[in-house]
Amino acid sequence: MTSTFTLSDRRALVTGAAGGIGAAIVRQLSDAGARVALLDISASHDRLMKLASELPGETIVLQADVTDEVELEAAFERIDADFGGLDILVNNAGIARDEDVFDITLSSWRAVVEVNMTGAFLCAKLAMQRFRDQGSGGRIVQIGSIVAHQGALKGHLHYSASKAALHGMSRTLARTGAPLGVTVNTVAPGLVRTPMIAQAHGDDPTLTAKIPLGRFAEPSEVAAAVHFLASDAASYITGSVLDVNGGMYMR
């Protein structure tokens, strides 16, 4: 019997693929049988190439800024040419800046919102166009955050706002995609052991005390949630937020 978790022959795109969570998602999808396109900014090219060389399946390495529509269109066209289409989009690209509301400049606000929200919109639009034209459904999984529910522990107003918007975007996309056989869901991590979290919070031992499970998540645990939502096992789930936060926030 074929597992409902297999992604054999599925064609996936992961944005922000060079980061801690992004790389874990890429590995998880590839191990499940997907052909994976790894997309990140040009500065991450060497890391992407190394990651791609370690994967078991077919890959494409793409350099693009998710806020640049022209670069994204070229990247999606490369996926069309090499993979013949797309089945899964993981909107993972995101940035954060450790700034309080009193320190956030308009340019800083725009930078965070452009990557986290506008970049996700552009990728989702291009993916939805392909899902519609292919007529075979599809999956979009967006990487949100616990801060969309409860706000950030300190500062990060622009990050919190952009992630809350991403959660809302997923729900509307889910309604649009349902008649097309497309599901759209969000994974909302809490504190994950990544360089981004280390930069934002440093070595703060009090943080684990806020988490009932008593530890940060590993990137692979977030990737497992993405894998589930991208698979046939989640075929009747759409418009949902899957919290991966060790009980730090409960609804």
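Predicted model: local features only at pLDDT ≥ 70, side-chain atom pairs only at ≥ 80, totals over all residues.
Colleague: Hi! Where is H3, and how many residues has it?
Modeller: Helix H3 covers residues 69-83, so to speak a run of 15 residues. From its first C-alpha to its last it reaches 21 Å, close to the 21 Å expected at 1.5 Å a residue.

Colleague: Which residues in H3 are buried?
Modeller: Leu 72, Ala 75, Phe 76, Ile 79 and Phe 83 are buried in H3. Looking down the axis of H3, you find its buried residues within an arc of 95°, so they line one face of the helix.

Colleague: Why would residues three or four places apart point the same way?
Modeller: An α-helix has 3.6 residues a turn, which is why they do.

Colleague: Nice. And what covers the buried residues of H3?
Modeller: The cover includes strands S1 (11-15), S2 (35-40) and S3 (59-63), along with helix H4 (106-134).

Colleague: What about the face turned away from the buried side?
Modeller: That face of H3 carries the exposed residues Val 70, Glu 77 and Ala 81.

Colleague: What happens at the start of H3?
Modeller: There, a side-chain oxygen of Asp 68 comes to within 3.0 Å of the backbone nitrogen of Val 70.

Colleague: And what follows H3?
Modeller: Gly 84 does, and its phi is positive, near 80°.

Colleague: Switching to H4: where does it bend?
Modeller: H4 bends at Glu 114, by about 40°. This helix has 29 residues and reaches 40 Å from first C-alpha to last, close to the 42 Å expected at 1.5 Å a residue.

Colleague: Which residue follows H4?
Modeller: Gly 135 follows H4, with a positive phi near 70°.

Methods: Residues numbered from 1 in each chain as written. Heavy atoms only, no water. Helix = DSSP H or I, 4+ residues; strand = E, 2+ residues; numbered from the N terminus. Expected span 1.5 Å × (residues − 1). Buried < 20%, exposed > 50% of the residue type's maximum accessible area, 1.4 Å probe, protein only. Arc of directions from axis to C-beta. Contact = heavy atoms within 4.5 Å. Polar contact = N/O pair within 3.5 Å; in protein donor to acceptor, adjacent residues only side chain to side chain. Bend = angle between axes of the 7 residues up to and from the residue.
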